[in-house]
Number of protein chains: 2
Amino acid sequence: MKRFEPLSPSLRCIMTPGPVEVDPRVLRAMSLPVLGQFDPEFTHIMNETMEMLRTLFATKNQWAYPVDGTSRSGLEAAMVSLIAPGDRVLVPIFGRFGNLLHELAERCGAEVFTLERPWGGVFPQEEIVEAIRSLKPDVVAVVHGETSTGRVQPLDRIGAACREQDALLIVDAVATLGGVPVETDAWMLDAVIGGTQKCLSIPAGMAPITYNDRAEAKVLKRKAIERGLRTADAANGELPVVRSNYFDLGMLQDYWSAQRLNHHTEMTSMLYALREGVRLVLEEGLAARHTRHKLHEQALVAGLTAMGLELYGDSDCKLTVVTCVIIPEGIDGEAVRTMLLEHFGIEIASSFGPLKGMIWRIGTMGFSARENNVLRLLGALEAVLLRHGHTVASGLAVQAALDVYEVK
Amino acid sequence: MKRFEPLSPSLRCIMTPGPVEVDPRVLRAMSLPVLGQFDPEFTHIMNETMEMLRTLFATKNQWAYPVDGTSRSGLEAAMVSLIAPGDRVLVPIFGRFGNLLHELAERCGAEVFTLERPWGGVFPQEEIVEAIRSLKPDVVAVVHGETSTGRVQPLDRIGAACREQDALLIVDAVATLGGVPVETDAWMLDAVIGGTQKCLSIPAGMAPITYNDRAEAKVLKRKAIERGLRTADAANGELPVVRSNYFDLGMLQDYWSAQRLNHHTEMTSMLYALREGVRLVLEEGLAARHTRHKLHEQALVAGLTAMGLELYGDSDCKLTVVTCVIIPEGIDGEAVRTMLLEHFGIEIASSFGPLKGMIWRIGTMGFSARENNVLRLLGALEAVLLRHGHTVASGLAVQAALDVYEVK
């Protein structure tokens with residue numbers, strides 16, 4: 001039988017919009033011995049994690065817990081549980097992840113209506129509000145931070161319009177939670193999904209979500225009683241049963257409740273990582289963390305601009321934690337990325353769909369958003385561009401970034 | 001803001017049918033720094049993991065990769081991708097996890113037919129074969145190792161009957177993979193789902209699956225082209241699109257193929273754990289590992305029997321890796337479990353549904369299946385039973401187990 005070597009991954013400086021570097025304290029938490037899922041010590045950790053997540057989401061919601069899968073699993077859990085087949089769903093799209101919400105809604109059997117904006121911009125909230133008033137959807141699903149284009153959609157006025165029409169508002173905050181403000185209660189968001197591997201800087205593998213009583217009411221209307229427990233007179237809810245067992249929020253919340261009704265086996269080590277990662281976020285403080293992300297973005301942007309590079313997209317709605325750079329004329333974007341990785345150990349991201357080959361995307365997220373990383377990337381990118389024959393005003397980028405750091 | 005302490009879980013001896021203790025080498029792998037998901041070093045790890053999984057599943061199938069979620073996610077991925085709405089699905093049920101397959105099939109929109117056996121036994125294969133011939137289902141879904149009752153269903157003759165009727169055979173090997181033989185190709189299983197937190201002794205969080213060309217053909221008939229990439233003349237497959245995006249095997253296999261078509265963000269650290277865990281299984285050797293599991297079961301059974309305890313269920317189909325013990329008359333099973341945990345740091349499992357309060361379930365799985373664990377449990381259980389006023393022939397249990405170990 002072929003023998004395989006123990007793992008020994010290289011140390012990377014990861015400046016993509018996720019996954020990003022993980023604080024060694026979070027990695028260390030993952031190496032702790034596991035507990036059984038009904039061990040009182042473990043259920044205590046589950047409860048503490050819920051408590052921390054409420055603070056992170058800025059909510060008083062009862063329900064705030066992780067879905068056991070990558071970020072996309074949290075999106076699907078919210079969509080499939082809150083969208084009944086035949087529901088009218090409005091999806092404003094301004095990048096790739098709006099398209100994903102559209103696809104998820106279609107697979108839920110919804111009647112989907114879209115609004116579209118050219119990539120690189122976002123919607124004036126009024127446009128979404130008007131569409132809600134005229135379409136009267138059952139559910140509105142919208143992306144907060146769109147990593148494909150590096151834009152952030154203002155959301156503080158959408159929730160009120162949804163309540164007026166009795167629609168539920170589902171928000172994809174995968175890219176923003178822990179990096180820029182996400183105000184679940186103040187913005188009247190009914191369900192919010194975060195991601196671990198972006199601004200929380202935890203390995204991919206869980207999707208923290210929260211939802212309020214309005215959302216829970218719909219979930220409870222879809223409640224099914226499991227075979228074997230079902231009695232002759234037991235009636236199911238008035239709406240069709242959720243199409244997924246794994247993503248049925250009604251069953252997940254029973255598992256996360258004091259009842260501990262067994263569903264799946266909780267991901268012990270990932271939960272350790274989530275708890276430790278969110279603990280570090282709360283120790284830093286949400287406001288301080290948002291300020292820190294802004295600082296590293298400013299230093300990065302100052303450096304890139306000083307180097308003579310042009311940023312992509314509408315600057316009014318730039319997402320703090322992702323910076324999109326137009327690949328200069330005549331430069332092979334992939335060759336630059338490869339050289340950054342192979343010679344400097346630095347990873348930046350390429351792009352999707354209509355932007356493929358047109359822009360690079362640089363993340364300043366979580367533990368990766370550090371002064372030494374930003375300076376290292378700027379110096380390396382300058383060197384690689386020079387190596388590729390691109391004219392760069394040498395030496396200015398790192399100086400410009402240092403100027404930002406020295407003012408702070 | 002409330003402050004939370006760093007994690008510091010107690011060290012437990014976990015003798016449940018999952019999750020079980022994890023080899024420190026696997027835990028250490030989880031603490032390694034992460035790589036980006038398209039880093040060539042990372043995609044190499046993905047490819048190596050697929051190669052290892054093929055050996056583990058005893059298959060030449062092209063597709064063998066993890067679904068990113070707990071074991072149940074692998075079951076749902078196989079079911080939702082291979083069962084089209086309206087399909088006829090046969091589910092033989094002999095415990096809780098057969099009921100789960102039934103529920104998953106219902107949520108897929110299938111017409112579900114069941115065979116049922118009293119808990120504690122399994123089906124003569126002929127009974128399933130006859131049902132396949134008379135019902136002519138599109139899909140048969142069956143549990144291999146039923147942890148709720150500690151039974152193992154022989155499967156070597158079901159696959160041929162399925163091919164005769166052009167049905168697909170989906171097997172839940174969550175509890176057996178890595179502990180007792182699972183012969184994907186030799187038994188003609190079309191799709192097999194394993195679990196990490198049982199005999200593989202890896203933390204819960206991934207579900208290794210494999211499926212053959214027959215299964216893939218059905219997946220490809222359900223292929224959808226994602227919005228944004230879809231052209232006017234693009235036709236979808238002849239069968240309805242898979243209801244889930246996250247669990248669509250067509251999209252998952254594109255991500256795991258050389259194409260690397262982006263789907264979710266791979267769970268970096270969980271994949272490290274899976275690779276290291278499976279690496280250790282292959283180093284030990286599958287045959288040696290099965291023998292080891294058998295040995296610890298024999299020692300455990302010898303000890304329990306010597307103590308005067310009675311085992312539950314039909315001994316002809318006892319699952320090596322789970323031993324079900326009838327709780328003696330007058331003993332509060334939960335009080336015994338609590339005392340084992342609180343005073344001895346040992347966890348054994350309770351049970352579900354009709355067996356609730358009637359039996360304990362003891363796992364001998366993966367890294368937990370060690371001589372010192374078995375001896376420690378037997379000594380502790382004897383002491384706790386004595387403490388609860390149950391008459392036990394003192395001192396015999398550990399001696400009986402030692403007899404087994406000394407003969408080996």
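Good morning, colleagues. Please keep in mind that the model on display is a predicted one.

The same surface serves both copies, since 100% of the contact residues of chain A recur in chain B.

Let me turn to the interface itself. The size of an interface is often given as the accessible area lost when the parts come together. Here chains A and B bury about 7,500 Å² between them, with 56% of that area on carbon and sulfur atoms. The contact draws 87 residues from chain A and 87 residues from chain B.

As for polar interactions, 36 residue pairs are in polar contact between chain A and chain B, both residues being at pLDDT 80 or more. The count of salt bridges between the two chains is 10. In one salt bridge, the side chains of Lys2(A) and Glu51(B) meet at 3.2 Å, N to O. On the side of chain A that touches chain B, the elements giving two or more residues are α1 (24-30), α2, α3 (71-82), α4 (96-107), β4 (111-116) and α9 (268-284). Of these, α9(A) gives the most, with 9 residues.

I now move to helix α11 of chain B, residues 333-344. The helix has 12 residues and reaches 16 Å from its first C-alpha to its last, close to the 16 Å expected at 1.5 Å a residue. Following the helix comes Gly345(B), which has a positive phi near 70°.

Which residues of α11(B) are buried? They are Gly333(B), Val336(B), Arg337(B), Met339(B), Leu340(B) and Leu341(B). Against what do these residues pack? Within chain B they meet β12 (346-347), β13 (359-363) and α12 (371-387), and from chain A they meet α2 (40-57).

Finally, a word on Gln298(B), which sits in helix α10 (residues 286-306) of chain B. Gln298(B) has a relative accessible area of 40% and is therefore partly exposed. Gln298(B) and Gly145(B) are separated by 153 residues in sequence and by 18 Å in space, C-alpha to C-alpha.

Thank you for your attention.

Notes
Residues numbered from 1 in each chain as written. Chains lettered and ligands numbered in written order. Heavy atoms only, no water. Helix = DSSP H or I, 4+ residues; strand = E, 2+ residues; numbered from the N terminus. Buried < 20%, exposed > 50% of the residue type's maximum accessible area, 1.4 Å probe, protein only. Contact = heavy atoms within 4.5 Å. Expected span 1.5 Å × (residues − 1). Buried area = accessible area lost by both parts, 1.4 Å probe. Salt bridge = Lys/Arg side-chain N within 4 Å of Asp/Glu carboxyl O. Polar contact = N/O pair within 3.5 Å; in protein donor to acceptor, adjacent residues only side chain to side chain.
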